[in-house]
Structure formats: structure tokens, C-alpha cells
Amino acid sequence: MAQRTFHSAHSPLTGELAVPGDKSISHRAVIFGSLAEGVTEITNFLQGEDCLRTIDAFRAMGVHIEVNEEKIIVYGKGKDALQEPSQPINLGNSGTTARLLIGVLAGLPYHFVLYGDDSLSRRPMDRVTVPLKQMGAEIDGRTGGRLLPLAVRGGKLQSIDYEPPVKSAQVKSCVLLAGLQADGRTTVIEKTATRNHTETMLNGFGATLDIKGERISINGGQKLKGTNVEVPGDISSAAFFAVAAALVPGSSLVLKRVGLNPTRTGILDVLTSMGAEITILDEKRNGGEAFGDIRIDYAPLKGTIIAGEVIPRLIDELPIVALLATQAEGETHIRNAEELRYKETDRIAAVAKTLQALGAKVEVTEDGMVIKGKTPLHGGTVDSYGDHRIGMMAGIASFVTDGPVTLNNPDCINISYPAFFEHLEKVTTDHS
């Protein structure tokens, strides 16, 4: 079994760090570039395993995509140039690829078979297959099309008005991608706002959306035009180092060119509410997306309540927030986070077990957890559960434990942050 040991690093985090490109935006740039007519150049693309699965999927449909260190070049010829793949498409561990791709395939007059690894094969796909079937797609798979592998027979789609039963940007994006190919006007009704990268990027590729309050509408038949996409740093990756700096006395760390889309900055709001010192520097916009430098200075932390509308804005950051809460004075309550149970693993259970193994006082609830601080943590051996965010949380925990933390199955971190270990070393040795 592969292992990685993180030695207790109580030295302050200083200097500057450029985190990898945003995972959500990287996926979407390849998808829209492949559907568009003309060349799309993507800089600062996240070359992690999940995003490379999206590239492989569109290559399997005949799209020419060049990958090099500086940029990704997608030679789009429009939706109608996509071809039927000769083999089933392997999605690996990538839930984003799965759920967004199905929305594309539903409108294509071909047959597709999709499969993934053991973890992805347990994640619910009915949240996207249900609306797509309502639009006219033929989709079947295990447990009535709820689980991968799935077979998709795409074709002519009808528009719908759809209110997702879960707070999910992936579901919204899937329905909008199908709506782009449907007859008529498709509307997604969103009672609680989720990340809006799809809407922003569709505009950047020349599509028109009508957004009025909770209603996001798109007319079918619009053509996309290739464009250039600069991917900002991923705030979900930046969150791990932001929390580390907030935890270790004497830290002052600058995270460079991080995405500041307001549908994603819940982590900054929570850090601030708990007493961390956060400063935004040099904020700019590119292609409709805000980005800037984030400076985090250590300050004493206090517990808080995390619930309601902020949850979709930091759903992927809740594991590292849970670690943060162990070192804050008083209790932290995380509520309305039942969506965590349907991630790469049941993240509520996995976060609790991991932190409890290191001495934390965590009580699991049906839709979240209660964490008691300030609690001293000790070293130990923990498992990633094949979940990149649990693995990275274990690495950051070593900043506050009294002994080393050994992580089983660390390779999953490559899904979103291949340079994580290197960056961990950089911020604790760069005292310039």
C-alpha cells in the first residue's frame, strides 16, 4: 500500500504560492471548446487526472486537442462534427466529466457507453439522467440508470423547465448543455445559487442566456465560437493553504491569481467569520471571472455556524474547514451539507473518522457535524478513502499535530493537485 508521511511542520507559512488552475473552469473550457466552431486556447489548465479525462472523452469523439505545459489548444468544428466513439469512455474518478458530458451526449444522434472507477460507480447519476430522460434522451444503466456504467442513446431533445431537487452546479450545467441542443427554451430554476461558471463561460463562447432571479434560461440551437480562456487559480485548492496559514502562528502567505467568483468564495467568508485575517490584493477580471491575490495572516480563531446559502459556495472546502474548526475556540456547527455524502466518498463520515483518529472531537449529524475546539491533535495513520480532499486535509493537519501524520493511498491527490506535496514543502521553507 502506498503511503506518505507528513512530519509535523509548525513553522509559519510565508512567501507566495500559485495554486493550480481551477478544476471546474478547466473542465468546462474543454467541453465548450469542443462544441464550438474555431480554435480555443486554454492557459493555466489544471492537468490533473479528472480534467484529463474530459480531454480524453472529446478526443474519443474526434476532437483534435493539443496538450503542452503552457496551454491546451482545442480545434473545435462544432457540435455536429462530433463522432460516435468506437469504445466505451472511461471517466475514471471524475464526477464533473460524467455529469456534464451526459448533457452533451444526450443531444447527439449516437450511442455512448460511459464507465468509471469503483468510487465514481457508486455516485448517483439519476440527478442528471432524470431530467435528460424528460427531454427525450434514452439512458439506461445499473439500477434503472442511476449508476454507472451508463448507455446513452442521444438524439432530438425537447426543452423543459426543471427545478433540481439537489443544490448542484453539475445538474444545472448538464441541463443547460442539453438545452443548448434542444428545441425551444430550457429553464433551470435554482432556489439556492450554485457556482455559475457554466453561465459565465457560455457567454464567453458567444451564447446568450436569460437570467432572471431564480430562473436561468437558454434557447436551443445556438452556435458557440472558439475563444481564449485564462483559467484562474482554483480556490478549492487554495483553501488548503489558506487554512494552514490561518492555523499556524506567525504565518503570512499570499496565494496568487486565485479565482474570486462570488459563487465560490464561501471559504473566505467562513475564514473571516472565524477570525482569520484575509486581504484581497490586485483583483481583476478575465472572461467574466474575477481573480486576485489572497493574503492570509494568522489570527486566533473562534467557532461559528456554517449553514444555509453559504454551503453550495464552499461544499468542496468543508473537509478542510472541519480541520480548521478543531483549532478554533468553542463549537463549530456544519449544517445542510448532506450533499457531502455523495462525493468521492461519504465525506461527512470520512472527515469525522480522519479527524477523530488524530484526536479531534467530532460529532456526526445527518447533514453535517459538530466540532469542538480548541482540541490538541496527535499524529497517526489515516486513510484518504480515495478522496483527494480528504488526503490533502490530512497533509494540512500535520501543521498542528504533535507528531507525524501518515496517509494511506495518497495518489488520489493527483486528481486535483499534482504539485501538492511540492507546494507543501515550498511554503514551509520559503521565508523570504
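## A loop residue to start with

R123 sits in the loop between β7 (111-115) and α4 (126-135); helices here are DSSP runs (H or I, at least four residues), strands are runs of E of at least two, and both are numbered from the N terminus. This is a predicted model, in which local features need pLDDT of at least 70 and side-chain atom pairs count only at pLDDT 80 or more, while totals for chains, interfaces and linings use all residues. Residues are numbered from 1 along each chain as its sequence is written, and side-chain values use heavy atoms, with hydrogens and water left out.

Is R123 buried or exposed? R123 counts as buried because its relative accessibility is 5%, where buried means under 20% relative accessible area, exposed means over 50%, and partly exposed is in between (1.4 Å probe, protein chains only). Leaving aside neighbours within four places in sequence, R123 is in contact (heavy atoms within 4.5 Å) with N93, G95, R99, R146, L147, Y342, K343 and E344.

## The largest pocket

The largest pocket holds about 540 Å³. To find pockets, a 1 Å grid is laid over the protein atoms alone; a pocket is an open set of points with protein on both sides within 12 Å along at least five of seven lines, and lining residues have an atom within 4 Å of a point. Grid points are joined across faces, edges and corners, and the volume is the space filled by probe spheres set on the points.

The largest pocket is lined by 33 residues, and K167, S168, I315, E339 and K343 are the closest to its centre. Helices α1 (23-35), α3 (95-105), α6 and α12 (388-397) are the elements that give two or more residues to this lining.

An unreviewed UniProt entry lists K23, S24, R28, S168, Q170, D316 and K343 under "binding site". From this set, K23, S24, R28, S168, Q170, D316 and K343 are in the lining of the largest pocket. UniProt positions follow the numbering used here, feature names are shortened, and annotations may be inferred rather than shown by experiment.

Another "binding site" listing from UniProt, again from an unreviewed entry, has K23, G95, R123, Q170, R347 and R389. The lining of the largest pocket takes in K23, G95, R123, Q170, R347 and R389 from that set.

Take Q170, which is found in helix α6 (residues 169-179). Q170 has a relative accessible area of 14%, so it is buried. Beyond neighbours within four places in sequence, Q170 is in contact with G95, T96, R99, L100 and V128. The side chains of Q170 and R99 make a polar contact (2.6 Å); that term means a pair of N or O atoms within 3.5 Å, where within protein one must be able to donate a hydrogen and the other to accept it, and residues adjacent in sequence count only if both atoms are side-chain atoms.

K343 lies in the loop between β19 (330-334) and α11 (347-357), and K343 is buried, with a relative accessible area of 14%. Not counting residues up to four places away in sequence, K343 touches R123, I315 and D316. With the side chain of D316, the side chain of K343 makes a polar contact (3.3 Å). R347 lies in helix α11 and is buried, with a relative accessible area of 0%. Not counting residues up to four places away in sequence, R347 touches D316, P319, L340, R341, D387, H388, R389 and I390.

In soluble globular proteins, nonpolar side chains tend to be buried together. Here, the largest nonpolar core has 75 residues, of which F241, L255, I306, L318, L323, I396 and F420 touch the most other members. Helix α8 (residues 235-247) gives the largest share of this core, eleven residues. A nonpolar core is a set of buried Ala, Val, Leu, Ile, Met, Phe, Trp, Tyr and Cys residues joined through side-chain atoms within 4.5 Å.

Leaving aside its neighbours within four places in sequence, I396 is in contact with F240, A244, I320, L323, F420 and L424.

The largest cavity has about 40 Å³ of space. Its lining includes D22, I25, H197 and P232.

Conventions
1 Å grid on protein atoms, 1.4 Å probe; cavity = no way out; pocket = protein on both sides within 12 Å on 5 of 7 lines; lining within 4 Å.
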